[in-house]
Amino acid sequence: MRFCSQISSLRNASLLIAVFYLSGGTVFAQEAWPEFRGPDGNGHTGGACIPDSISDSQIKWSTPIHGKGWSSPVISSNQVWLTTATEDGREMSAICVDLMSGETQHDIIIHRNDAPAFCHSENSYASPTPAIEDGRIYLHFGSYGTTCLNTETAEVIWQRTDLQCDHFRGPASSPILYGDLLIVAFDGFDLQYVVALDKQTGETVWKTDRDIDYGTDNGDFMKAYSTAAVFEIDGEALLVSPSAIATTAYRPLTGEIVWTVYHDGMNASCRPVITPGGLVLITNGMGRMVAVDPKGRDDISDSNIEWQGSESVAKKASLLVIQERIYMIADNGILSCLDAESGETLWRERIGGTFAASPLFDGDKILLLDREGNAIVCRPSDEFELIAQSELGAGFMASPAVAGNKIILRSTERLICIE
């Protein structure tokens, strides 16, 4: 607790400023965790401190969650929302749990599907993380539908089921909020595009097809599962959205393409992050990472890739950037620390297990959750420093969420509140 409690008040002001830019001018309270990886989209908490070792004494409540879903929880106004589905995809649901007690407030079926498409066992029919703001939750199930609910009554405000693509192995891209827009990518076997919806009505504001030369007619090499991020670059907002083979930056209000960078690979799923020096870090889902200077136009593949790497690159868990260092956990349990501006590897350590959930940072410690049910806590440093490892039972596919002094973990079986 030593460093975390001391820096909390200093970080709050900078957190709110960063959130302002990333959310298109909307400032979220610290009690909100509005989308995948939080208000900054980078896995940094706004105040909660990670315990050195997670034991029963820190578990405030634990609530069973039915079905199968890899979506991460989102939080607003003392509500925790998440999605789930039956394993066969015939029913897709939204669940709301009270943040203070863990009691279920809403559990409603959003979609019933007579003939759901194939979904790979490594994926689920409820993998996209919702987006939330005061009074509204935006639930996304890929081509099955996007729905806005009133968070108090759980009544449908609007719903879209006409945005289609063949996900081939199931949907996973999460929507993000930017100003009055809800933005999400559809990178399927057959169609690849990014769409922005009016968050008030659900109507399409813009829809831009991917202008990417995939170099193949095989749709399996065109699909992706990524979540976009908005960065402020020289006073201009850029929506950076990875796809297969390449990543494209758009003007978020219009969908106009600003630049494209080719980096090979398919199945991109990690959310882009930005370094203190302004490099955008992108992983391609096939074990390669590129650091891109985002100040460019058109095809910047030959001119703006500052460095790249292919050793122990995370394919599922998004990267964590802390000051001038990158921390990433590969699927096979190898944790790496890299210099953010040069890409030089400072250390690698096998911490065991297999990983899909993205890490969390509280200002002092890093929390990692593996698929075997372990919680690993370490300290960011130029040498590996393990603090503790705890067994929590069922494994983790979803990334953690934070509200005030509470950390919300979603395992494959239940929702857990750590306080």
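**Group meeting: cavity, pocket and side-chain contacts**

Let me start with the largest cavity: its lining is Pro 128, His 140, Gly 142, His 167, Pro 171, Ala 172, Ser 173, Ala 185, Phe 186, Asp 187, Ala 224 and Tyr 225. This is a predicted model, where local features need pLDDT of at least 70, side-chain atom pairs count only at pLDDT 80 or more, and totals for chains, interfaces and linings use all residues. Residues are numbered from 1 along each chain as its sequence is written, and side-chain values use heavy atoms, with hydrogens and water left out.

On a 1 Å grid over the protein atoms alone, a cavity is a set of points where a 1.4 Å probe fits but cannot get out. A pocket is an open set with protein on both sides within 12 Å along at least five of seven lines. Lining residues have an atom within 4 Å of a point. Grid points are joined across faces, edges and corners, and volume is the space filled by probe spheres set on them.

Back to the cavity. Its volume is about 60 Å³. The whole structure holds 5 cavities of 30 Å³ or more. Which strand gives the largest share of the lining of the largest cavity? Strand β11, residues 181-187, with 3 residues. Strands here are DSSP runs (E, at least two residues), numbered from the N terminus. By class, that lining has 7 nonpolar residues, 4 polar and 1 charged. Ala, Val, Leu, Ile, Met, Phe, Trp, Tyr, Cys and Pro count as nonpolar; Asp, Glu, Lys and Arg as charged; the others, Gly among them, as polar.

Phe 186 is buried, at a relative accessible area of 0%. Buried means under 20%, exposed over 50%, and partly exposed in between (1.4 Å probe, protein chains only).

That takes us to aromatic pairs. Rings of Phe, Tyr and Trp (its six-membered ring) pair if their centres lie within 6.5 Å. Planes under 30 degrees apart count as stacked, over 60 as edge-to-face, the rest as tilted. The count comes to 7 aromatic pairs. One is Tyr 125 with Tyr 144: edge-to-face, 6.2 Å centre to centre, 75° between the planes. This pair links distant parts of the chain, 19 residues apart. Tyr 125 sits in the loop between β5 (104-112) and β6 (131-133). Tyr 144 sits in the loop between β7 (136-140) and β8 (146-150). Both Tyr 125 and Tyr 144 are buried. Phe 186 and Tyr 193 have ring centres 5.0 Å apart and planes at 10°, so this pair is stacked. Tyr 193 counts as buried at 3% relative accessibility. Ring pairs also join Tyr 327, Trp 347 and Phe 384 into a cluster.

Next, the second largest pocket. Its volume is about 690 Å³. Of its 27 lining residues, the closest to the centre are Asn 123, Ala 172, Tyr 225, Ser 269 and Lys 316. Its lining divides into 9 nonpolar, 12 polar and 6 charged residues.

Look at Lys 316. Where does Lys 316 lie? In the loop between β22 (305-309) and β23 (320-322). Lys 316 counts as partly exposed, at 32% relative accessibility. Leaving aside neighbours within four places in sequence, Lys 316 is in contact (heavy atoms within 4.5 Å) with Glu 122, Ser 269, Cys 270, Asp 331, Phe 355 and Ala 356. The side chains of Lys 316 and Asp 331 make a polar contact of 2.9 Å. A polar contact is a pair of N or O atoms within 3.5 Å; within protein, one must be able to donate a hydrogen and the other to accept it, and residues adjacent in sequence count only if both atoms are side-chain atoms.

Glu 133, in strand β6, is buried at 12%. Its side chain joins that of Tyr 138 by a polar contact of 2.6 Å. Ser 174 lies in the loop between β9 (156-160) and β10 (176-178). Ser 174 is buried too, at 4%. A polar atom of the Ser 174 side chain lies 2.8 Å from the backbone nitrogen of Thr 129.

Last, backbone angles. Ser 77 is not a glycine, yet has a positive phi of about 50°. Ser 77 lies in the loop between β2 (74-76) and β3 (79-85). Gln 323 is not a glycine either, and has a positive phi of about 55°. Gln 323 lies in the loop between β23 and β24 (325-329). Is Gln 323 buried or exposed? Exposed, with a relative accessible area of 66%.

Note on methods
Helix = DSSP H or I, 4+ residues; strand = E, 2+ residues; numbered from the N terminus.
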